[in-house]
Amino acid sequence: DMKSVVIFEDNPRDMRELRTLSEYVDDQLVFVTKPEEALAEVSNLFPDVMICPFETSYGTSYDLIEAIAYGFPMTRIILTSNYDNIPPLLECINKYQIFRTVVKPFMNLRDVVEALQDAFQDESGLMIDPMQSNLKDSLLSSDISTYWENHDRRLDWDLMKTYNSIRRGIL
């Protein structure tokens with residue numbers, strides 16, 4: 001069955017490389033250049049994997065990764081990094097169960113392709129929340145009533161995002 005991947009990258013050179021992933025995998029790849037677009041796509045798709053840079057032109061992706069780790073525990077995160085600043089990177093990897101990290105700049109894309117294939121096969125060690133998988137199933141089914149039964153969950157998620165933003169002093 002077809003897997004979905006949200007790929008966030010705001011560095012044009014790295015994004016050019018990542019766009020060639022479509023030559024290696026047959027899965028649904030969605031490319032975005034802003035963290036808020038990444039969050040929107042993850043919210044829409046419930047993707048199997050998100051590829052995300054740790055360092056961006058905005059600073060780090062820490063807030064985005066936190067939101068996805070808690071809001072979408074079934075999405076495995078592959079983090080790309082130039083390893084400029086190791087302590088926060090390690091904290092992020094350890095705290096949010098990052099599936100794999102890949103060094104940038106990409107010497108070749110095989111590292112990313114292998115990480116993707118491993119992520120697709122991996123069923124272990126996920127923080128699976130039963131509500132989350134029910135929600136995913138109901139969104140994919142055509143039975144809209146199940147969706148509305150789960151709709152409170154969606155509101156909780158929006159509240160949680162707001163709460164996280166306030167807590168981290170973003171708003």
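Accessible areas come from the Shrake-Rupley method with a 1.4 Å probe, and for residues only the protein chains shown count as cover.

**Figure 1. Overview of the predicted model of the protein chain.** By that method, the accessible surface of the chain amounts to about 9300 Å², and carbon and sulfur atoms contribute 52% of this area. The model is predicted: local features need pLDDT of at least 70 and side-chain atom pairs pLDDT 80 or more, whereas totals for chains, interfaces and linings use all residues. Residues are numbered from 1 along each chain as its sequence is written, and side-chain values use heavy atoms, without hydrogens and water. The chain contains eight helices and seven strands; these are DSSP runs numbered from the N terminus (helices: H or I, at least four residues; strands: E, at least two). Of the 171 residues, 44% are buried (under 20% relative accessible area; exposed is over 50%, partly exposed in between; 1.4 Å probe, protein chains only).

**Figure 2. Confidence along the chain, including the stretch 125–155.** The mean pLDDT (the predictor's confidence in each residue, from 0 to 100) is 81 for the protein chain, and 71% of the residues reach 70 or more. Residues 125–155 have a pLDDT below 50, and in the model this stretch makes 35 contacts beyond near neighbours in sequence.

**Figure 3. The aromatic cluster of Tyr 62, Tyr 70 and Tyr 96.** Three aromatic pairs are found in a search of the whole structure (rings of Phe, Tyr and Trp, the last by its six-membered ring, with centres within 6.5 Å; planes under 30 degrees apart are stacked, over 60 edge-to-face, the rest tilted). One of these is the edge-to-face pair of Tyr 62 and Tyr 96, with 5.5 Å from centre to centre and 75 degrees between the planes. Because Tyr 62 belongs to helix H3 (residues 62–71) and Tyr 96 to the loop between H4 and strand E7 (100–103), this pair ties together parts that are 34 residues apart in sequence. Both Tyr 62 and Tyr 96 are buried. In the pair of Tyr 70 and Tyr 96, the ring centres are 5.8 Å apart and the planes stand at 90 degrees, so this pair is edge-to-face. Tyr 70, in helix H3, and Tyr 96, in the loop between H4 and E7, are 26 residues apart, and their pair links distant parts of the chain. The relative accessibility of Tyr 96 is 2%, so this residue counts as buried, while Tyr 70 is partly exposed at 44% relative accessible area.

**Figure 4. Backbone at Gln 97, with a positive phi.** Gln 97 is placed in the loop between H4 and E7. Although this residue is not a glycine, its phi is about 45 degrees. Gln 97 is partly exposed, and its relative accessible area is 43%.

**Figure 5. The cis peptide bond between Lys 104 and Pro 105.** Omega of the bond from Lys 104 to Pro 105 is near -5 degrees. Pro 105 is located in the loop between E7 and helix H5 (110–121).

**Figure 6. Surroundings of Phe 46 and Ser 4.** Phe 46 is part of the loop between helix H2 (35–45) and strand E3 (49–53). Its phi is near 45 degrees, which is a positive value in a residue other than glycine. With a relative accessible area of 9%, Phe 46 is buried. Ser 4 is situated in strand E1 (residues 4–8), and at 8% relative accessibility Ser 4 is buried as well. When residues up to four places away in sequence are not counted, Ser 4 touches Phe 46 together with Gln 28, Leu 45, Pro 47, Asp 48 and Val 49.

**Figure 7. Lys 3 and its contacts.** Lys 3 occurs in the segment before E1. Its relative accessible area is 17%, so Lys 3 is classed as buried. Apart from neighbours within four places in sequence, Lys 3 contacts Asp 27, Gln 28, Asp 48 and Phe 120. The C-alpha atom of Lys 3 is separated by 8.2 Å from that of Val 49, a residue 46 residues away along the chain.

Technical notes:
Contact means heavy atoms within 4.5 Å.
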